[in-house]
Amino acid sequence: AQDTNNTAFGVLTPGGMFVGVDGVAVDAGRANLKESKRLTIKRIEDISSFPPLSPNPIVKAVTPYYEITAPEVIQAGGNSYFIIRVPLPAGAPTKNLAAFELADNKDVEGYPAPDEPNAEDVVDENTSEEGYNWFSSGATYVPANNEVIFTARDFGFRPLRFVIASGRYGQ
């Protein structure tokens, strides 16, 4: 349910998908989720307190910034993972994309880009620009849906704040 213009509250069911604000979705199709869990997907309107994405000005956000939160910890389980699906705005670049997550002083652990049929592997490396508090993870562009997908192992330990950005980075 879209409760406000920028926030959607809902339930992620085992094997299901919760589609939130702007079509951003959490897909449990590859997660070992045992029971339904509540999630919130929010578009972050004020990013003035966020650090820059990179010291390299070529790195630019191509989507709004989003936040996924859960009232309790949700884990994918075992070697499974959730897929986060982010539609690209019309006219957005489709090459050299990465998912940038705000690090929030946690240990940075990256995950490989999901294996998706008919997808272009765009970036599959984990980088963190020193002093910038963002780390980028493997992202995959899916032309059929004009979306970028990346993975997460859990929600609820902390807010997951992210943006899809383009440009060469970490080099």
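Visitor: Is Phe-150 buried or exposed?
Guide: Phe-150 is buried. Its relative accessible area is 0%. Keep in mind that this is a predicted model.

Visitor: What about Phe-162, buried or exposed?
Guide: Phe-162 is buried, at a relative accessible area of 1%.

Visitor: How many aromatic pairs are there in the whole structure?
Guide: A search of the whole structure turns up four. Phe-150 and Phe-162 form an aromatic pair. Their geometry is edge-to-face.

Visitor: Which residues do ring pairs link into a cluster?
Guide: Tyr-66, Phe-150 and Phe-162.

Visitor: New topic: strand β9. How many of its residues are buried?
Guide: Six of the six. The strand covers residues 97-102, and it is largely enclosed by the rest of the structure because those residues are buried.

Visitor: Which residues are on each side of β9?
Guide: One side has Leu-97, Ala-99 and Glu-101. The other has Ala-98, Phe-100 and Leu-102. Both faces are covered.

Visitor: How many bridges join β9 to β16?
Guide: Five, and the two strands run antiparallel. Within this pairing, Ala-99 stands opposite Ile-164 of β16. And β16 is the strand that holds Phe-162.

Visitor: How many bridges pair β9 with β12?
Guide: Four, again in the antiparallel sense. Strand β12 spans residues 134-137. There, Phe-135 is the bridge partner of Glu-101.

Visitor: Switching to charges. How many salt bridges does the structure hold?
Guide: Eight. Among them is the one between the side chains of Arg-43 and Asp-22, at 2.7 Å from N to O. This pair links distant parts of the chain, 21 residues apart. Arg-43 is in strand β4, residues 37-44. Asp-22 is in the loop between β2 and β3.

Visitor: Why would such side chains meet at all?
Guide: Side chains of opposite charge can pair when their charged atoms come close.

Visitor: Is Arg-43 buried or exposed?
Guide: Arg-43 counts as buried, at 16% relative accessibility.

Visitor: What is the N to O distance between Arg-85 and Asp-27?
Guide: It is 3.0 Å, and their side chains meet in a salt bridge. Arg-85 lies in strand β8, residues 82-87, and Asp-27 lies in strand β3. They are 58 residues apart.

Visitor: Are those two buried or exposed?
Guide: Arg-85 is buried, with a relative accessible area of 11%. Asp-27 is buried too, at 12%.

Visitor: Which residue does Glu-35 meet in a salt bridge?
Guide: Lys-37, at 3.5 Å from N to O. Glu-35 is partly exposed, with a relative accessible area of 49%. Lys-37 counts as buried, at 11%.

Visitor: Which residues do salt bridges with shared partners join into one network?
Guide: Asp-22, Arg-43 and Glu-45.

Technical notes. Residues are numbered from 1 along each chain as its sequence is written. This is a predicted model: local features need pLDDT of at least 70, side-chain atom pairs count only at pLDDT 80 or more; totals for chains, interfaces and linings use all residues. Side-chain values use heavy atoms; hydrogens and water are left out. Rings of Phe, Tyr and Trp (its six-membered ring) pair if their centres lie within 6.5 Å; planes under 30 degrees apart count as stacked, over 60 as edge-to-face and the rest as tilted. Buried means under 20% relative accessible area, exposed over 50%, partly exposed in between (1.4 Å probe, protein chains only). Two strands pair if DSSP finds at least two bridges between them. A salt bridge is a side-chain nitrogen of Lys or Arg within 4 Å of a carboxyl oxygen of Asp or Glu.
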